[in-house]
Amino acid sequence: MIELRNVSKTFILNGNRKVVADRVSAVFPPRTAVAILGRNGAGKSSLLKILSGSMEPDSGEVVTEGSVSWPIGFAGSFHPELTGLQNTRFIARVYGVDSDELTDFVRHFAELGDHFYLPIRSYSSGMKSRLALGVSMGIPFDTYLADEIGAVGDASFKRKSEAILTERLTGSAAIMVTHALGQVRRLCHHACVLEGGQLYYYKDPEEGIAHHQELMKAAKPGGVV
C-alpha cells in the first residue's frame, strides 16, 4: 500500500513553472494494479519517482506499507564497469535475496546470452532495459512500480514481460505508467489520470480510460477543449 498525503511537486525549467502534483492525496491499495494515465509531459514518470522514494515532494508525505520496487526497467543504477552477472549479484545482496536464484531468473528471463558476462558499458539500451526488467521482476516486492513496461523488447519479450507481471500480481500490487490501453484493460483493477497537477482516481478502469481519451482528443489540432 502507498498513500499520498497532500503531496505537491513543481519544477521550474527555463523560467517556466511545471506543476506535477498540487496537494494530491490518494491511496493505492495492496494487491491492486493501478494504471497512471495522462498526456505526455503531465508528470507521470515524476509521480512514479515520488512514489518510489527516489524523488522528494516539495511538500506533503508519502506513506508506504511493505516493500516497494524501484520503477521496473530502470537501468540507471547499474555500474557500467561490472558485468550483468556482477550487477545482478550486487543487487541481490542489497535486497537480501538469494543471489543464485536471482541470477538464474535474470539469465533466462533477460535473454542476453553471453552478454550477461560482459560489462554493462558494452550493452545497447535495449539490453540494459531487459536486464533491468529481469532484475526488477526477479525480486519479490509487495508493490511493483512500472514505467512503460510494454516498451521493452520485441513482441515475444513483451508478452513474456506481461505474463510474469500478471503472475506477480496474484500476490502483489502494481502502479503502472502506461499509454497501452489494452494493457490497462488486461492487467489493472483501477486507473487514475494525472492532469494539471491533479490526480483523478477511478475504481472502474474504463472511466479512467474514457477521461484519458477525452484529454488526448482535446489535445489534438481541431479537438474540443
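**Figure 1. Contacts that reach across the sequence in a predicted model.** Take the contacts in this protein with a separation of 6 or more: 67% of them link residues 24 or more positions apart. On the burial side, 46% of the 225 residues count as buried.

**Figure 2. The fold and its dimensions.** Here we have seven helices and nine strands. The radius of gyration comes out at 18 Å, close to the 17 Å from the globule rule for 225 residues, so the protein is as compact as a globular protein of that length.

**Figure 3. Cys188 and Cys192, with no bond between them.** Don't go looking for disulfides, as the structure holds zero. For Cys188, the nearest cysteine sulfur is that of Cys192, 9.3 Å away. Seen from the other end, the closest cysteine sulfur to Cys192 is in Cys188, and at 9.3 Å it is too far for a bond. For that pair to count as a disulfide, the sulfur atoms would have to be within 2.5 Å.

**Figure 4. Burial of the two cysteines.** Cys188 is buried, with a relative accessible area of 8%. Cys192 is buried too, at 0% relative accessibility.

How values were computed
Residues are numbered from 1 along each chain as its sequence is written. This is a predicted model: local features need pLDDT of at least 70, side-chain atom pairs count only at pLDDT 80 or more; totals for chains, interfaces and linings use all residues. Side-chain values use heavy atoms; hydrogens and water are left out. Helices (H or I, at least four residues) and strands (E, at least two) are DSSP runs, numbered from the N terminus. The radius of gyration is taken over C-alpha atoms; the globule rule is 2.2 Å times the number of residues to the power 0.38. Buried means under 20% relative accessible area, exposed over 50%, partly exposed in between (1.4 Å probe, protein chains only). Contact means heavy atoms within 4.5 Å.
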